[in-house]
Amino acid sequence: MKERFDAIVVGGGPAGCAAAYTLAKGGLAVLLVERGRFAGVKNMTGGVLYGPVLHDLIPEFWKEAPVERHVSRHVITFLSEKTSVSIDFNSAGLDQPLYDGFTVLRARFDRWFADKVEQAGGVVITGVRVDDLLWDGQRVVGIVAGGDRIPAEVVIAADGVNSVMAGKAGLGVKLSPENVNQGVKEVIKMRREVIEERFNVAGDGGAAMHFLGFCTRGVHGGGFLYTNKESLSLGVVVQLQALIENNLKSVELLEGFKAHPAVRELIKGGTTVEYSAHLVPAGGLRMVPRLYTDGLLVTGDAAALVLATGRALEGLNFALASGMAAAETVKLAKAKGDFSKETLSQYEKLLAESFVLRDLKKFEQSADFLENQRLYSLYPGLACSLAEKIFRVDGKPKKTVWQLAREEMKGKVSLWQLLRDGLAARRTI
Ligand SMILES: Cc1cc2nc3c(=O)[nH]c(=O)nc-3n(C[C@H](O)[C@H](O)[C@H](O)COP(=O)(O)OP(=O)(O)OC[C@H]3O[C@@H](n4cnc5c(N)ncnc54)[C@H](O)[C@@H]3O)c2cc1C
């Protein structure tokens, strides 16, 4: 092993691999340390990798990366106990490069990414947990892992939610039940032809389905169902506080979600081959800690760089982009020969110019908006019961949709309240 690395990256998830790959490509001596037996072995995402961020780093990555399917169909479904109403978006444009997103299975995807780091000249060590940071006064000068003290000019913390590295430097995210969601997920094996027929997708196209309402028994959270090549990823993500307050267990919610008529038929005959649970920061910008100090940068979930607007949960591209920005900052620091926090402050500037901090800023109010219980129980229920009335022909004189809507809303929500919620949504979704 090298005597001294320019940079040590802690964590081989998307943030860590993006940082280490960028540094290795830039000719810097970089060490990536991952505690898992291999990168991705225990990592978990819903998971759709949205947007073109990885394409900026590895052009046309989908031609070599183990992505599952590109998303050619987006579905949003509102659930009541027995009924569902969906918005189904298909577009030929989604079938074209650059595509809009890919379903991924992290055990394959992260492993491929860590291999890319090695191919680019980085050193990757797996199966080793980093226990501590090395200090020279107030400055981080390396890591302590497996009893070894490994020095470096700079450390990049990419060790995910609950980051020990950021915590040790006093930059840790303050996790609380209100700002963290718990996700549970199953991977359900299914034949390729069955998936394509059931989900109305062809070739390498796939569906990303999001659910709101009964899947979480009407509490703060949602469900998802994504198609992979020969499996489905299905899960629920629920705010920790909502689980505690309502005495609910994610695993029971998942079972209820699987049994719902709108889901049951889609997963019928499949075999569960994987089960996982993970936390995800969901408090938005107000959760984001200071992102750097002398000799240390914090990226991805470790810095709570996740966008949760209710439209989707986006963390992967935020992790990638922050990892890349951290690496660019380290390249600058290396050129200057100065790894002080003054030089490393460039990291925050880069994030502020990119979608990462701009989106988090723009949707700063989303966390408050998503506290509105009506989003998870009342409105999905109303959508379902209204659809039932609209589509049922019962032999009686018909009413207009407006009359039916007023009848459904009566005693449940006032027009004024609906308007206020609509205005709040306008600013935050
Ligand atoms: C249920 C669920 C569904 C989600 N769905 C989506 C989705 O569809 N799309 C999306 O964009 N985002 C989604 N996310 C969010 C996304 O998964 C995260 O934002 C993203 O994984 C963050 O990447 P990261 O590299 O920062 O952290 P991680 O992916 O958590 O990687 C951290 C890595 O650090 C390693 N590590 C930790 N501590 C140490 C240590 N001490 N020493 C060495 N290694 C260490 C871990 O083993 C891990 O490999 C979802 C999250 C959950 C929980």
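User: At what angle do helix H14 and helix H15 pack, and how far apart are their axes?

Analyst: In this predicted model, helix H14 (residues 378–391) and helix H15 (residues 401–409) pack at an angle of about 140 degrees, with axes 10 Å apart. Axes are lines fitted to C-alpha atoms, for helices over the stretch in contact, and angles run from 0 to 180 degrees between N-to-C directions. Helices (H or I, at least four residues) and strands (E, at least two) are DSSP runs, numbered from the N terminus.

Residues are numbered from 1 along each chain as its sequence is written. Local features need pLDDT of at least 70 and side-chain atom pairs count only at pLDDT 80 or more, while totals for chains, interfaces and linings use all residues; side-chain values use heavy atoms, without hydrogens and water.

User: Why are H14 and H15 called oblique to each other?

Analyst: Angles under 35 degrees count as roughly parallel, over 145 as roughly antiparallel, 65 to 115 as roughly perpendicular, and the rest as oblique. The angle of H14 and H15 is about 140 degrees, and the two helices are therefore oblique.

User: What kind of crossing does H14 make as it passes H15, and which residues meet?

Analyst: The crossing is right-handed; this term applies if the near helix is turned clockwise from the far one by less than a right angle, and left-handed if anticlockwise. Leu382, Ser385, Leu386, Lys389 and Ile390 of H14 meet Val401, Leu404, Ala405, Glu408 and Met409 of H15, contact meaning heavy atoms within 4.5 Å.

User: Which residues make the contact of H1 and H3, and how do they divide by class?

Analyst: Pro14, Cys17, Ala18, Ala20, Tyr21 and Ala24 of H1 touch Arg106, Asp110, Phe113, Ala114, Lys116 and Val117 of H3. They divide into nine nonpolar, no polar and three charged residues. Here Ala, Val, Leu, Ile, Met, Phe, Trp, Tyr, Cys and Pro count as nonpolar, Asp, Glu, Lys and Arg as charged, and the others, Gly among them, as polar.

User: How many residues surround the ligand, and which are the closest?

Analyst: There are 36 residues around the ligand, and Glu34, Gly46, Val48, Arg106 and Asp301 are the closest. A residue is near a molecule if one of its heavy atoms lies within 4 Å of it.

User: What is the peptide bond from Gly46 to Gly47 called, and why does it deserve mention?

Analyst: That bond is cis, with omega near 15 degrees. It deserves mention because most peptide bonds are trans. Gly47 lies in the loop between strand E2 (30–34) and strand E3 (48–50).
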